[in-house]
Amino acid sequence: MLEQVYNVLFLCTGNTARSILAESILRKDGAGRFQAFSAGSFPKGRVNPLALKVLECYNYPTEGMRSKSWDEFAAPDAPAMDFVFTVCDDAAGEICPVWPGHPMTAHWGIEDPAAVEGAEIQKEAAFVTAFRYLKNRVSVFACLPLASIDSMALDSRLREIGKMDGATMRQDRGS
């Protein structure tokens, strides 16, 4: 019997860094079990070059990565999402579209590496840190027994993942 493939959407405001990192990580580490997507409430229209550099350094896919609106995933012909994770506090606080498929949601906020100022090495270090935090969360998520866990327990586990190392102050959006 074939295992279900789950659709996962990572949201951030600009869809230039954190959500892009998470999408790429799940594309590679969850290949065959998950289809990963990312979007933003106010996409900037470009992916941060440091996000792409860090992904390439760790041998994660960058092909086809683009900054896009979450409206693409709220359209009637969009793939039905099984999970939607916000990775920035701003996006978690916004009123999201109604997603086809009524996915489970959780907030996995981490600091914005694109907001770091200073020398290029400091900026790159912030992206490496964000990558590490997101990789840890995605790894725990990908190991969950999704086919056999009840929805209340799964909801609890998804929220616990959002509280892992690197979590921002806003822990839960109450969805």
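A: The account below begins with the basis of the values, then turns to the sheet, the helices and the salt bridges.

This is a predicted model, in which local features need pLDDT of at least 70 and side-chain atom pairs count only at pLDDT 80 or more, while totals for chains, interfaces and linings use all residues. Residues are numbered from 1 along each chain as its sequence is written, and side-chain values use heavy atoms, with hydrogens and water left out.

Strands and helices here are DSSP runs numbered from the N terminus (strands E, at least two residues; helices H or I, at least four), and two strands pair if DSSP finds at least two bridges between them. Strand 1 and strand 3 are joined in the parallel sense over four bridges, and valine 8 stands opposite phenylalanine 83 in strand 3.

The structure holds eight salt bridges, a salt bridge being a side-chain nitrogen of Lys or Arg within 4 Å of a carboxyl oxygen of Asp or Glu. In one of them, arginine 27 is joined to glutamate 23, with the closest N and O atoms 2.6 Å apart. These two residues are four apart in helix 1 (residues 18-29) and are therefore separated by about one helical turn. Glutamate 23 is buried, at a relative accessible area of 1%, whereas arginine 27 is partly exposed at 31%. Buried means under 20% relative accessible area, exposed over 50%, and partly exposed in between (1.4 Å probe, protein chains only). Glu23 and Arg27 also belong to a network of salt bridges that includes Lys68.

A second salt bridge links lysine 135 with aspartate 29, the closest N and O atoms being 2.8 Å apart. Lysine 135 lies in helix 4 (residues 120-142) and aspartate 29 in helix 1, so this pair ties together parts that are 106 residues apart in sequence. Both partners are partly exposed, lysine 135 at 26% relative accessibility and aspartate 29 at 30%.

Helix 4 also contributes glutamate 124, whose salt bridge with lysine 53 has its closest N and O atoms 2.8 Å apart. Because lysine 53 lies in helix 2 (residues 49-57), the pair ties together parts that are 71 residues apart in sequence. Lysine 53 is partly exposed at 37% relative accessibility, but glutamate 124 is buried at 19%.

Asparagine 15, in the loop between strand 1 (6-12) and helix 1, has a positive phi near 50° without being a glycine, and is buried at 0% relative accessibility. Asparagine 59, in the loop between helix 2 and strand 3 (83-86), likewise has a positive phi, of about 65°, but is exposed at 59% relative accessibility.
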